[in-house]
Amino acid sequence: MNLQVSTKNLSQGFVIGVVLTTFGIAILIASFQIDKDPGGGWGARIFPMFGSITLLMAGILELRFGLRNTQTKPDYIPSNILVLFGLAIGYIFFIGKIGYLLSTGLVAPLIFLVFGVKNLIGLFVSAVLCPVAYHLIFFELLGVFPPYGKWFDLLNVIQGN
């Protein structure tokens, strides 16, 4: 019985599973470093915790299925990874400049476009619904402080400031 694992026999699913599991564990550990709310509630750390647990579970599933199928070919376009990375960097930059709502409204349809959504109505709807939904979840329900933009912030306009 040969227990050696050759990297040639590792499937894409297995490699993705290792990466997702590793990131899930790292983010879970990092999320415990976020301070609790002044009242002692979970506050801002709850979303990273749920996200990390989701990544961890997805990674474990990918590992499980990746070990079964060692002949899968990549079903992604490597350039999309670079586009998503660029969008993430741009998103972080623009949140600081034009605020959370407008940045999310600009980036959300672009991300859906990268993932293959080509319906223009759907893309326009995502530009409105994503910022509204995330604002309600994070800032209203969880009470997380919204990042305001230095140049302009739509939230200031909405609040009448």
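Modeller: Let us begin with a definition: a residue is buried under 20% relative accessible area, exposed over 50%, and partly exposed in between. Please bear in mind that this is a predicted model.

Colleague: Why is Phe94 called partly exposed?

Modeller: The relative accessibility of Phe94 is 37%.

Colleague: What makes Phe93 partly exposed?

Modeller: Phe93 has 42% relative accessibility, and therefore it also counts as partly exposed.

Colleague: Why is the pair of Phe93 and Phe94 called edge-to-face?

Modeller: A pair of aromatic rings is described by the distance of the centres and the angle of the planes. Rings pair if their centres lie within 6.5 Å, and planes over 60 degrees apart count as edge-to-face. The centres of the Phe93 and Phe94 rings are 5.1 Å apart and their planes stand at 75°, so the pair is edge-to-face. By this rule, the count is one aromatic pair.

Colleague: Which residues make up the largest nonpolar core?

Modeller: That core consists of Ile95, Tyr100, Leu101, Phe138 and Phe139. Helix 4 (100-114) and helix 5 (120-141) are the elements that give two or more residues to this core. Leaving aside residues up to four places away in sequence, Ile95 touches Tyr100, Ser103, Pro147, Tyr148 and Gly149.

Colleague: How many helices and strands does the protein chain have?

Modeller: The protein chain has six helices and zero strands. Of its 161 residues, 26% count as buried.

Methods:
Residues numbered from 1 in each chain as written. Predicted model: local features only at pLDDT ≥ 70, side-chain atom pairs only at ≥ 80, totals over all residues. Heavy atoms only, no water. Phe/Tyr/Trp six-rings, centres within 6.5 Å; stacked < 30°, edge-to-face > 60°. Buried < 20%, exposed > 50% of the residue type's maximum accessible area, 1.4 Å probe, protein only. Helix = DSSP H or I, 4+ residues; strand = E, 2+ residues; numbered from the N terminus. Core = buried A, V, L, I, M, F, W, Y, C linked by side-chain atoms within 4.5 Å. Contact = heavy atoms within 4.5 Å.
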